[in-house]
Amino acid sequence: MHVFGNHVEQTDFDDLMCGEIYPASIIKRSNDHWCDYLTDVNHAWSCAPSYEKEYGTGFIKAQEIIKYNLKIESLIFKERSPVGGVK
């Protein structure tokens with residue numbers, strides 16, 4: 001299992017918990033696009049084969065959950081949509 005985290009100064013932690021600073025402002029990893037990769041549920045990006053190694057099994061499981069929920073939402077939307085378009 002891969003666990004990623006950052007050690008932060010107490011003042012930064014306090015500011016973060018109080019909503020005084022944006023979380024990305026204290027992240028130490030540069031050029032990290034994990035939130036973009038998280039939405040790549042069909043693994044269309046060229047870097048997709050490295051997702052599990054880079055972000056861990058939990059990341060892949062989260063993608064699977066997102067993909068499943070998108071399918072469910074799509075089915076519900078199709079079920080509720082009138083035939084021939086919106087009236």
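## Contacts and overall fold

Two residues are in contact when heavy atoms of each lie within 4.5 Å. With that in hand, let's look at this predicted model. Taking contacts between residues at least 6 apart in sequence, 37% join residues at least 24 apart.

The protein has four helices and zero strands, so read from the N terminus its elements run α-α-α-α. It has 87 residues, and 14% of them count as buried. The accessible surface comes to about 7500 Å², with 58% of that belonging to carbon and sulfur atoms.

## A buried aspartate

Now for a residue worth a visit: D40. You will find D40 in the loop between helix 2 (34-38) and helix 3 (51-55). Is D40 buried or exposed, and which side chain of opposite charge is nearest? D40 is buried yet has no salt bridge, and the nearest such side chain, K67, is 8.9 Å away. A salt bridge would need a nitrogen-to-oxygen distance within 4 Å.

## A nonpolar patch on the surface

Over to the outside of the protein. Y68, I72, L75 and I76 make a nonpolar surface patch of about 380 Å². One of these residues, Y68, sits in helix 4, which covers residues 57-80. Why does Y68 count as exposed? Its relative accessibility is 53%, and exposed means over 50%.

Terms used:
Residues numbered from 1 in each chain as written. Predicted model: local features only at pLDDT ≥ 70, side-chain atom pairs only at ≥ 80, totals over all residues. Heavy atoms only, no water. Patch = residues over 30% accessible without salt bridge, like charges linked within 9 Å, V, L, I, M, F, W, Y side chains within 5 Å. Areas by Shrake-Rupley, 256 points an atom, 1.4 Å probe, with all protein chains shown as cover. Helix = DSSP H or I, 4+ residues; strand = E, 2+ residues; numbered from the N terminus. Buried < 20%, exposed > 50% of the residue type's maximum accessible area, 1.4 Å probe, protein only. Lys, Arg positive; Asp, Glu negative; His and termini not counted.
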